[in-house]
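Dear colleague,

Here is the structure for your files. My notes on the ligand, the sheets and the salt bridges follow it.

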Amino acid sequence: MFYSLASSSWGPEEINAIQRVVDSGMFTMGENVKAFERDFAKYFGMKYGVMVNSGSSANLVAVASLFFKKDRPLQRGDEVIVPAISWSTTYHPLQQYGLRLKFIDVELDTLNIDVGKIEQAIGPRTRMILAVSILGNPAAVDVMRKIADTHGLYFMEDNCESMDAEIAGKKTGTFGLINTYSTFFSHHISTMEGGVVLTDDMELYHLMLAIRNHGWTRDLPEGSPVFDKRDDDFFEAYRFILPGYNVRPIELAGAIGREQIKKLPGMTVQRRKNLAHFQKLFRGDDRFIIQREHGKSSSFCFTIIMNPQRNIDRKRAFAALKKADIGYRIITGGCFLRHDVIKYYDYEIVGEIKNANIAHDYGFFVGNAPTDLTRQIDTLREVLDRACN
Ligand SMILES: Cc1ncc(COP(=O)(O)O)c(C=O)c1O
């Protein structure tokens, strides 16, 4: 494809890493996963990392762990504040654990939650704010963390789209009590499938180690605060303490992750160069609303919303992109409230959802990648210029 939505960021290092695992004959979660968790947590300056088989599973074990805290656990019926645009599995664990969602609109330019509306959404049963930085562009996670702390709420970041982004001199995905990442193919680093949760909280870390792996105690270190070990090795070897899952990653993913995390800073530099070129070509053209960078974006992709005031036919633009062999798709999952699955949710809408609907109806994104995309972005500009007259 001339300009695809995603492309591989692997080189010989990842292939060699795969070969080493194949040669070892040890495929199930082990030393490579452990080493990747350490490298990943270190890169982001957090204490603990738990790798799982996807970003979706990262959200699942993160939310689950908050239900099993000794102190002030989340409870069914508690409320969580969420943005109207994110991916489906940002929300599904919240529904599955019986939480009530309070949806807030996004800003049309950043595509992130309108933080000015959060205070009015907080009620007596509100327990958590779940922040999402959309497509590499930091949400105001610094502001949200302060609001959460002021009101005694948990603060969680679903940072699955924004690895290596920065705000206020700190990486997104490090502001939350608990923070999730995806390492799926199209993301900033790829382990084929994969996800990571980062936290500085030892109790949550231990809870997640158990929840990830059948709910058993086998992965918990000596002296863990989340269970009392008994003097019976036979029973302890298969001791279940939590209603967990099997969302373990495989060794191949861990080994690839170790190579990819070394390349992340360089890949982010290239993504930002591409972003700067895209911004230069599209900024100031009032037919197109492009994502306004807030902090330092790690630029997952480039979003374009057809200015609703300009009456541009998005279908015509799509046809032109198709003809030019340029991939495009909906912005993340669009406005989540527009999906059929919402009928299964307990939720309310705070204020009006206007911008998320505009993004849903008038927007799309094209890919970014850690390679030079100057030629592709130039063509994109020419194609849209012609198609949107
Ligand atoms: C915001 C967000 N959360 C969670 C996920 C799920 O990640 P995965 O595809 O690794 O399950 C995605 C996927 O892209 C996402 O964009």
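**Ligand site**

In this predicted model, an oxygen atom of the ligand sits 3.1 Å from an N or O atom in the side chain of H187. That is a polar contact, meaning a pair of N or O atoms within 3.5 Å; within protein, one atom must be able to donate a hydrogen and the other to accept it, and residues adjacent in sequence count only if both atoms are side-chain atoms. For S56, a polar side-chain atom is 2.5 Å from an oxygen atom of the ligand, and for D158 a polar side-chain atom is 2.7 Å from a nitrogen atom of the ligand. The ligand taken alone exposes 390 Å², of which the protein buries 89% (Shrake-Rupley method, 1.4 Å probe; for residues, only the protein chains shown count as cover). The ligand is surrounded by 15 residues, the closest being G55, S56, D158, E161 and S182 (a residue counts as near if one of its heavy atoms lies within 4 Å).

On conventions: residues are numbered from 1 along each chain as its sequence is written, and side-chain values use heavy atoms, without hydrogens or water. As the model is predicted, local features need pLDDT of at least 70 and side-chain atom pairs pLDDT 80 or more, while totals for chains, interfaces and linings use all residues.

**Eight-stranded sheet**

An open sheet of eight strands runs in the order β1-β9-β8-β5-β4-β2-β3-β12, with mixed pairing. Strands are DSSP runs (E, at least two residues), as are helices (H or I, at least four), numbered from the N terminus; two strands pair if DSSP finds at least two bridges between them. β1 (48-52) and β12 (347-349) are at the edges with a single partner strand each, so one side of each has no neighbour in the sheet. From one strand to the next the twist averages 20 degrees (axes are lines fitted to C-alpha atoms, for helices over the stretch in contact; angles run from 0 to 180 degrees between N-to-C directions). β8 (residues 178-182) and β9 (residues 195-199) pair antiparallel over five bridges, and Y181 has V196 in β9 as its bridge partner.

β10 pairs with β11 (residues 301-306) over three bridges, and I290 stands opposite I304 in β11.

**Salt bridges**

The count is 26 salt bridges, each a side-chain nitrogen of Lys or Arg within 4 Å of a carboxyl oxygen of Asp or Glu. One of them joins K263 and E14 at 2.9 Å, N to O. K263 is in helix α9 (residues 251-282) and E14 in helix α1 (residues 12-24), 249 residues apart.

Regards
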